[in-house]
Amino acid sequence: MNQRSDGNSSIVILGGGTAGWMTAAGLRRLLPSEYAITLVESDEIGTVGVGEATLPHIKKFNDMLGLDEADFMRRTGATFKLGIQFVGWDHPGEAYIHPFGAFGEPWGGVEFQHHWQRAKSLGRTTAPLDHFSYAVTAANAGVFTHPDEDPGSIRSTYSYAYHFDAGRYAALLREWAIDRGVVRIEGKVASVARDPLTGDVDALELQRGERVTGGIFVDCSGFRSLLLGGEMQSSWEDWTHWLPCDAAWAVPTARAATMPPYTRASARPGGWVWRIPLQHRTGNGHVFSTQFIDPADARETLLAALEEEPLDEPRVLRFSPGRRTDAWRGNVIGVGLASGFLEPLESTSIFLIQAAVIDLANLLPRDGRPDPRLAAEFNRLSGMQYDRVRDFLVLHYTANRRVGEPLWDYLRTMPLPATLEDKLELFRSRGTLPDYAFGLFARDSWLSVLEGQGIQPTAHDPLADAAPVDALAERLDDFRERIAGSVAAMPSHAEFLADFCAEAAQ
Amino acid sequence: MSVVRSIAVVGHDAPLWLAASVLRRALAPLDVGVTAVELPPRASPGDFHATHPALEALHAKLGLEEDVLLGATGGCFSYGRNLVGFGAGGEAHMLAWADYGVPIDGHPFFGHWLRARRGGLSAALQDFCVAAVAAKNGRMLLPDDELRAFGRADYGYHLPALAYAALLRRVASAVGVSTIRANTVALTAGGDALNVDGQSLGVDLYVDTSGAISTGETTPAGAARRVLTARAPALATLPPYAEVRADDFGWTVLYPSRDATRVLRCTMSNSSDDAVIAAATHGAGLTQADIVLQDLAPAVSKTMWRGRAVSLGRAAARLDPLHIDELYLVQLGLVRLLALLPVSDDWTIERREFDRAMRSHIDRIVDFQAATYAGATRRGAFWADASASAEVEHKLATFAARGEIAPMEDETFSPAEWQALLLALGIEPSSYSPLYDRTDPRHLGGELRRMLGFIAEKVRAQPTHDAYLASLSPERAA
């Protein structure tokens with residue numbers, strides 16, 4: 001029987017990149033020093049690292065590590081993100097922004113969208129829903145400033161995230177983690193030693209002969225999922241039938257002339273093109289389905305979409321959308337791409353890593369072998385997170401009116417997850433939004449995308465009719481004016497960036 | 001405008017009047033008429049409502065002030081339930097509707113407490129709950145800024161059922177509910193009208209609070225039981241909580257009120273009348289009158305909105321009376337119904353969503369009850385007769401392993417309430433999250449002492465339950 005003197009107090013992370021170094025830094029920050037943390041990464045193996053967009057949760061992670069915001073932004077070439085602009089996802093040529101923030105405010109216990117719907121149906125407003133979102137208004141105006149913490153202020157009704165260079169972020173976290181005792185070993189895994197009785201991973205045997213032992217192994221090896229998928233054989237739940245995109249071309253271009261404070265996702269016949277503005281350059285990519293477009297044509301689509309000069313040759317990645325049925329098996333936990341993949345349509349990759357790291361820290365074994373009861377809870381939480389994101393992404397695709405394009409015709413008519421179908425019916429018939437407490441996305445996010453994708457409720461909540469109509473119209477006008485007035489006073493995103501965190505001249 | 005222009009609420013006693021009043025109040029601005037179809041009252045002098053804190057929100061909507069409520073009913077406050085003898089050790093654990101302790105270093109209190117216990121702390125979890133300490137000392141907990149910053153501390157009421165029903169009947173009348181008295185009601189074959197003592201009553205929506213017009217299949221939701229209610233003499237000093245005493249054959253609850261102490265005994269379904277009465281007398285330690293014995297087969301309706309008829313409260317689910325009052329189920333249904341008022345002639349989507357939401361909430365309530373039996377470290381046939389859902393098994397396992405409560409949607413009971421319950425059952429988590437070990441033990445010790453000091457100081461300054469009740473309605477002071 002294999003006895004390890006350090007028991008389960010030693011954690012080995014396989015793989016660098018954002019997944020590996022977020023895990024290393026996060027665990028080092030959260031865990032007491034008795035837990036030794038080692039990360040094995042190979043300089044030979046490239047990480048996926050395209051320009052990355054994030055969700056507001058990332059600020060909590062950075063704050064947990066004590067990172068100074070301006071310094072972090074400087075070092076990662078980061079810009080601010082108020083939301084994502086979806087171009088042509090409903091009708092070609094139309095666009096909407098899914099913001100971080102609220103639309104309007106509830107009144108008399110009834111949610112805003114019902115009041116707005118009622119006002120529209122009575123001809124008392126023609127303002128689109130967007131005019132009642134601070135974040136959308138600011139994004140469209142190309143402005144940014146930090147939100148106000150005073151809940152009475154109109155500027156407290158939005159939040160923000162970042163675009164950044166994922167490679168630089170990983171490097172920053174690597175430095176942070178190594179400074180605090182995480183051991184980095186450079187090397188490539190040649191074989192994996194397993195305990196003959198329990199099946200647990202005992203050690204990683206590296207090509208140059210080193211043997212890295214540990215109690216817990218975190219698989220951040222990316223799509224290869226060397227430990228979780230490869231060794232532990234955690235089965236794969238495939239979602240290609242709901243999310244047919246299975247490849248992406250990526251290419252960096254020069255820094256954008258204007259600096260939009262949002263990500264852009266533009267629909268294309270074979271998929272969609274992303275555009276992520278960073279301080280030092282722009283990240284671009286074309287996510288596409290090889291079932292519907294040839295990779296060579298997809299490459300051309302990307303190049304045709306660029307607004308600046310390419311800085312490198314486009315490179316292609318292949319992937320499968322889906323997740324491992326068990327993200328934790330035996331003493332192996334998959335974090336990041338090793339545990340599942342969803343295309344970056346709503347910037348969820350880093351969020352899923354963050355959620356996994358926090359849950360892992362909470363559920364790590366104390367003594368002896370990993371506790372299957374805690375692994376079961378980790379898997380339940382992980383599955384819930386992935387499934388929630390999946391449904392939300394499918395919504396963007398299925399609610400399209402790009403008639404005549406084979407990919408989009410397929411998406412419009414495909415059978416949907418039941419959980420999504422129910423939500424769609426509820427909104428379509430009466431404007432009622434999904435109501436759940438755990439996982440992404442907030443109700444205002446659902447409202448934004450449902451509305452943006454052209455789903456018009458045929459009625460509103462009757463309880464909205466209790467409010468006097470004149471007061472309603474006045475209230476709506478007042479809210480819009482408050483937003484417009486406040487946004488008009490904000491500096492441009494580029495100016496704010498320059499003041500706050502411009503990169504030092506190279 | 002609302003498609004539903006007229007509603008008939010069928011039932012009796014407090015559930016009827018509560019539902020009718022709330023619906024009328026919420027829908028009067030839309031000119032919706034509400035008629036209460038009142039069946040013969042069934043509440044007995046031994047019946048009561050141990051209400052959930054959420055009820056206060058409904059009272060606020062009805063304009064029913066607390067001092068009026070308590071003055072008219074002779075009811076009193078309740079900060080929770082004291083579970084005695086549910087674990088093998090026989091101790092008492094106060095389950096309060098409150099937070100236990102405050103977060104330290106950004107992490108929830110419970111893990112810090114587990115760690116401190118291993119380090120020799122003798123204080124129980126409930127010692128860090130202001131509401132629990134106040135209640136055990138017979139005190140109120142009147143909110144102020146410091147207490148609000150410390151954490152949640154809600155309360156419910158113990159309300160004699162007959163008096164509460166009478167009060168709500170008056171409220172219903174005041175908000176414009178019309179009333180029809182009836183001996184029999186039934187839905188017509190098509191479900192489009194009510195047959196009320198032979199006369200037809202046609203409205204847009206029927207709400208059943210009693211089970212009189214609800215049909216359809218049910219799913220079992222717990223072991224069959226025999227339930228006794230009775231009245232006993234009022235206690236000289238009124239504890240602001242209920243006491244639940246477990247024994248090998250069941251449990252007995254004492255609900256204090258100003259006019260009487262109400263006793264609830266729950267035992268095995270094959271118990272004889274004499275055995276139940278004797279056990280109730282022994283368990284309560286009080287002589288009892290107005291004894292009513294009933295058989296209870298807990299069950300949840302598979303469909304709670306069929307056609308034009310919505311089932312609320314006991315019409316939706318007959319549950320084990322432990323931990324939850326029928327009025328809470330009524331409230332759950334009212335809130336969902338008001339959020340799903342039909343907007344067209346096709347109600348399919350509303351019905352489906354109502355059923356989904358209600359079943360989900362009720363499943364989690366049933367889980368809390370099932371955990372009380374399945375997780376109990378007490379022995380005895382009564383306790384062994386427990387079926388637990390996969391969700392409960394998972395919650396029990398996660399708590400036993402790590403002291404954490406697996407988060408699930410549509411919970412009535414907070415994680416703190418779950419933790420307090422499972423501790424009361426005698427389940428000891430085998431570990432706590434390693435995150436807690438980063439807190440300096442001296443800092444932890446200091447924080448714990450500060451909390452206990454704060455609680456002692458706050459509780460000392462509170463009025464007694466008796467004094468506070470007297471101050472609300474001086475004319476009722478004994």
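1. Start with helix α13 of chain B, residues 415-424. This helix is mostly covered, with nine of its ten residues buried (buried means under 20% relative accessible area, exposed over 50%, partly exposed in between, using a 1.4 Å probe and protein chains only). Helices here are DSSP runs of H or I with at least four residues, strands are runs of E with at least two, and both are numbered from the N terminus. The buried residues of α13(B) include B:W418, B:L421 and B:L422. Their cover includes strands β5 (80-84) and β6 (92-96) of chain B, along with helices α4 (109-118), α10 (348-374) and α12 (390-402) of chain B. After α13(B) comes B:G426, with a positive phi near 95 degrees.

2. A word on the basis of this note. This is a predicted model, in which local features need pLDDT of at least 70 and side-chain atom pairs count only at pLDDT 80 or more, while totals for chains, interfaces and linings use all residues; side-chain values use heavy atoms, with hydrogens and water left out. Residues are numbered from 1 along each chain as its sequence is written, and chains are lettered from A and ligands numbered from 1 in the order in which they are written.

3. Next, the nonpolar cores. The largest one has 145 residues (a nonpolar core is a set of buried Ala, Val, Leu, Ile, Met, Phe, Trp, Tyr and Cys residues joined through side-chain atoms within 4.5 Å). B:I7, B:L18, B:W251, B:L319 and B:L422 touch the most other members. Helix α10(B) gives the most to this core, with ten residues. Another core, of 137 residues, lies apart from it; A:A127, A:F351, A:F427 and A:L433 are among its members.

4. Chain A has an open sheet of seven strands. The order is β6-β5-β15-β16-β17-β14-β18, with mixed pairing (two strands pair if DSSP finds at least two bridges between them). β6 (95-99) and β18 (315-318) of chain A stand at the edges with a single partner strand each, so one side of each has no neighbour in the sheet. From one strand to the next, the twist averages 20 degrees (axes are lines fitted to C-alpha atoms, for helices over the stretch in contact, and angles run from 0 to 180 degrees between N-to-C directions). One pairing to look at is A:A248 with A:L317 of β18(A).

5. How much area do chain B and chain A bury between them? About 2900 Å², with 58% of it on carbon and sulfur atoms (buried area is the accessible area, with a 1.4 Å probe, that two parts lose on being put together, summed over both). B:R402, B:E409 and B:R438 supply 19% of the area that chain B buries against chain A, more than any other three residues. In contacts, 34 residues of chain B meet 36 residues of chain A (contact means heavy atoms within 4.5 Å).

6. Five salt bridges cross this interface (a salt bridge is a side-chain nitrogen of Lys or Arg within 4 Å of a carboxyl oxygen of Asp or Glu). A:R388 and B:E409 meet in a salt bridge at 2.9 Å, N to O. A:R388 sits in helix α10 (372-398) of chain A, and B:E409 in the loop between α12 and α13 of chain B. A:R388 is buried, at 18% relative accessible area. B:R352 and A:D422 also form a salt bridge, with the closest N and O atoms 3.6 Å apart.

7. B:E409 also has a contact to note within chain B. Leaving aside neighbours within four places in sequence, B:S360 is in contact with B:E409 and B:D410. B:S360 lies in helix α10 of chain B. At 15% relative accessibility, B:S360 is buried.

8. The whole structure holds 61 salt bridges over all chains. B:E326 and B:R314 form one of 3.0 Å, N to O. B:E326 lies in helix α9 (326-339) of chain B and B:R314 in the loop between β21 (309-311) and β22 (317-318) of chain B, so the pair ties together parts twelve residues apart in sequence. B:R314 is partly exposed, at 27%.

9. Another salt bridge, between B:E447 and B:R450, spans 3.1 Å, N to O. Both residues lie in helix α14 (441-460) of chain B, three residues apart, about one turn of the helix. An α-helix has 3.6 residues a turn, so residues three or four places apart point the same way. Are B:E447 and B:R450 buried or partly exposed? B:E447 is buried, at 17%, and B:R450 is partly exposed, at 47%.
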